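Have the sequence and the 3D view open as you read.

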Amino acid sequence: MTPLIEVQKIGKTYGSVIALRDVSTVVHAGQVTCVLGDNGAGKSTLIKILAGVHQHDRGEFLVEGAPVRFSSPREALDRGIATVYQDLAVVPLMSVWRNFFLGSEPTVGWGPFRALDRRKARETTKKALSDMGIDLRDVEQPVGTLSGGERQCVAIARAVHFGAKVLILDEPTAALGVKQAGVVLKYVAQARDRGLGVVLITHNPHHAYPVADRFLLLKRGAALGSYEKADIDLPELTRQMAGGAELEALEHELRQAGTAG
Ligand SMILES: Nc1ncnc2c1ncn2[C@@H]1O[C@H](COP(=O)(O)OP(=O)(O)OP(=O)(O)O)[C@@H](O)[C@H]1O
Ligand SMILES: [Mg+2]
């Protein structure tokens with residue numbers, strides 16, 4: 001099956017900074033590709049390329065088998081690639097349903113008589129949220145009154161509702177407590193089960209492991225490893241993340257230095 005997204009030996013530099021080098025991965029429909037790495041590893045750079053915010057300057061970026069180079073986030077969105085950023089682009093004082101439809105409001109009438117169909121917008125928002133199992137008391141409440149986890153869930157439901165094929169989430173669980181992170185991961189799994197290809201960015205292997213189908217580990221812009229879930233268990237993934245191999249090499253070096261002296 002042709003992957004929804006494929007990157008082959010992709011690279012990106014900002015001036016003299018090599019942010020990404022020779023990175024390859026795939027995103028399949030109905031699967032979760034998890035991108036892991038420490039601060040500055042290049043995670044956001046990779047997803048900004050996929051989202052049309054930046055352009056790669058090396059390698060290939062394919063969407064449904066065809067090479068692309070997006071010049072704006074709008075182009076990526078038109079190809080069904082929706083991105084939820086960590087600092088969600090919401091308007092805190094606006095209601096949940098207003099935020100849900102931001103930029104895509106359903107209208108009634110035509111031309112100068114066109115008006116926002118509030119009733120329909122409210123009902124659609126309610127239905128889209130409840131279809132995902134999200135139960136908000138009132139879609140009229142300001143988004144600012146929602147918890148961080150609830151906001152992430154609304155953003156996920158929004159992408160699903162507007163027909164995204166690929167859902168990219170940049171550290172959706174970073175600022176959340178254990179319980180809220182669990183809820184967000186549940187909706188990530190639900191988007192996957194609805195057939196979306198998901199790219200989940202995190203630096204927490206415990207959040208990544210239960211929902212992911214494959215892992216891409218980044219370190220200082222390069223791929224430290226790329227694994228299918230069957231090829232790596234949680235302790236090993238955690239060890240890789242913590243730089244386990246490097247620690248062992250250092251230990252070995254220290255031991256040798258000890259016996260030599
Ligand atoms: N717009 C930019 N201009 C110059 N350098 C940048 C820019 N964006 C990122 N970088 C650099 O590229 C490298 C990768 O950054 P990136 O934001 O992709 O990392 P990250 O893995 O998302 O880190 P974090 O976990 O902190 O979000 C870093 O060294 C960063 O300083
Ligand atoms: Mg980042």
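Start at the ligand. Around ligand 1 you'll find Tyr14, Val17, Ala19, Gly37, Asn39, Gly40, Ala41, Gly42, Lys43, Ser44 and Thr45; a residue counts as near a molecule or strand if its C-beta atom, placed from the backbone, lies within 6 Å of it. A word on bookkeeping: residues are numbered from 1 along each chain as its sequence is written, while chains are lettered from A and ligands numbered from 1 in the order in which they are written. The model is predicted, so local features need pLDDT of at least 70 and side-chain atom pairs count only at pLDDT 80 or more, whereas totals for chains, interfaces and linings use all residues.

Who supplies that shell? Strand 2 (17–27) and helix 1 (43–50) each give at least two residues, and helix 1 gives the most, with 3 residues. Helices (H or I, at least four residues) and strands (E, at least two) are DSSP runs, numbered from the N terminus. By class, the shell has 4 nonpolar, 6 polar and 1 charged residues. Here Ala, Val, Leu, Ile, Met, Phe, Trp, Tyr, Cys and Pro count as nonpolar, Asp, Glu, Lys and Arg as charged, and the others, Gly among them, as polar.

Strand 2 also has a partner: 7 bridges join it to strand 1 (residues 5–14), and the two run antiparallel. Strands pair if DSSP finds at least two bridges between them. Thr13, for one, has Ile18 of strand 2 as its bridge partner. The hairpin has 2 residues between the strands, and Gly15 takes a positive phi near 60° there.

Now step back. The protein has 9 helices and 12 strands, and buried residues make up 38% of its 261 residues. Buried means 20 or more other C-beta atoms within 10 Å of a residue's own, exposed means 12 or fewer, and partly exposed is in between, with C-beta atoms placed from the backbone.

Strand 6 (residues 81–84) runs parallel to strand 9, joined by 4 bridges, with Val84 opposite Leu169. Strand 10 (residues 197–202) is also parallel to strand 9, with 5 bridges, and Val166 has Gly197 as its bridge partner. To get from strand 9 to strand 10, the chain passes through helix 6 (residues 178–193) in a right-handed β-α-β crossover; right-handed means that, with the strands pointing away from the viewer, the path from the first strand over the helix to the second runs clockwise.

Helix 5 (residues 148–161) is worth a stop too. With 11 of its 14 residues buried, it is largely enclosed by the rest of the structure. Those buried residues pack against strand 6, helix 3 (96–101), helix 4 (118–131), strand 9 and helix 6, where contact means C-beta atoms, placed from the backbone, within 7 Å. Just after helix 5, Gly163 takes a positive phi of about 80°.

Last stop: Leu136, in the loop between helix 4 and helix 5. Leu136 counts as partly exposed because it has 18 C-beta neighbours inside 10 Å. Leaving out residues up to four places away in sequence, Leu136 touches Val96 and Leu129.

Terms used. Two residues are in contact if their C-beta atoms, placed from the backbone, lie within 7 Å.
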